[in-house]
Amino acid sequence: MKVGLVYDPVYLEHDTGDHVENSRRLVEAMSYLKETGIKEKLTCLPARPATLEELEMIHAPEYISYVKGKAEKGGGWLDPDTVMSPKSYEAALCAAGGLMVAVEAVMKGEADSAFALVRPPGHHAIKDRAMGFCIFNNVAIAAKFAMRKFSLDRVLIADFDVHHGNGTQDAFYADRKVLYFSTHQYPFYPGTGWMDETGTGEGEGTTVNFPMAGGWGDEEYLRAFNEVLVPAARRFQPQLVLVSAGFDAHWADHLAMMKVSVTGFVQMATILKELAAELCQGRLVFTLEGGYNLRVVASSIKAMFAVLLGNSEIDDPLGKAPVARKPDGFDEHIEAIKRIHHIG
Ligand SMILES: [Zn+2]
């Protein structure tokens, strides 16, 4: 089992100071991968910068030159949440490019699966604007790249970051070639992602939103995956599975209120791996989105690699969420989502 790791020190040069989305997230994750002996089992894939033409598959040329110009002037804020340093443009190019390297390796069979440990993250970035710590939409660019370079007709993007990937949804809202599935706390930043947002025109039905009430955890996420994602993916028949992996739905991540554990992330990753094996020769590429508790991020990333490597042992150093009363109504909620998407 050959599992690719994309990482580049340039990702640390997107210097956000003491912002929650900072370089320590990757520093700790990389040292944990070394410490636990996982790194030596991985195939290192060198990142590359995305080309302008590739970025323009998703972003407006004026926006790209605005970001470049901002970096040349020393950086600054792109939106109230998203800050840039002089090297952020370069890092952002290599984040999108790194994910494309991972996709290419998996499509060519040079790796069975891969995880791109990139920053800045991407899933909130829209055509002409940075949002929510994201500059360019890495996963959307990679999906377009896969469709163009390898003539794919169907790509599944599964997004379990605690925030709704509004930028990814936007990019493919009218596109029947991309099935976008997202679980996210709702209502919450960025405000989008209710279950009735299902796509438009030719893309009607290929956006599947699974909003979650703050306080739900592993059990609810697993049911969302097993009862909605799995049947939707089987119906769609993807040729590649991309995963926007954010670890901010973890109970110890204080940006949000979900109660997922590392074990829960492992179970979700296992479902994704089994789906990819069943539907598209195992082609599965993860990319890092959010996750702000450093221990959670490091142990979850390590656990994702363990799943990809085929290791069934779950190492969850933080354990399950402390017991708390959960919001009611999950059964009615999942039934409503299944009805909207004509699932069983
Ligand atoms: Zn997030």
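I began with strand β7 (residues 178-185): 8 of its 8 residues are buried, so the strand is largely enclosed by the rest of the structure. I note that the model I am reading is a predicted one.

Next I looked up which way the side chains of β7 point. I found Val178, Tyr180, Ser182 and His184 on one side. Leu179, Phe181, Thr183 and Gln185 point the other way. Residues of both sets are buried.

Then I looked up the neighbours of β7 in the sheet. Which strands pair with β7, and in what sense? Strand β6 (residues 155-159) runs parallel to β7 and is joined to it by 5 bridges. I traced one of these pairings: Val155 has Val178 of β7 as its bridge partner. Strand β8 (residues 207-212) also pairs with β7 in the parallel sense, over 6 bridges. Here I traced Thr183, whose bridge partner in β8 is Phe210.

Helix α6 (residues 166-171) belongs to it, and β6, α6 and β7 form a right-handed β-α-β unit.

Last, I turned to the largest nonpolar core, which has 121 residues. Which of its residues touch the most other members? I listed Val6, Ala102, Ala114, Leu117 and Val241. Helix α4 (residues 88-107) supplies the largest share of this core, with 14 residues.

Leaving out residues up to four places away in sequence, I recorded its contacts as Leu5, Val6, Tyr7, Leu26, Ala29, Leu288 and Ile301. Val6, one of these contacts, is also on the list of residues that touch the most other core members.

Conventions:
Residues numbered from 1 in each chain as written. Predicted model: local features only at pLDDT ≥ 70, side-chain atom pairs only at ≥ 80, totals over all residues. Buried ≥ 20, exposed ≤ 12 C-beta atoms within 10 Å, placed from the backbone. Helix = DSSP H or I, 4+ residues; strand = E, 2+ residues; numbered from the N terminus. Pairing = 2+ DSSP bridges. Right-handed = clockwise from strand over helix to strand, strands pointing away. Core = buried A, V, L, I, M, F, W, Y, C linked by C-beta atoms within 7 Å. Contact = placed C-beta atoms within 7 Å.
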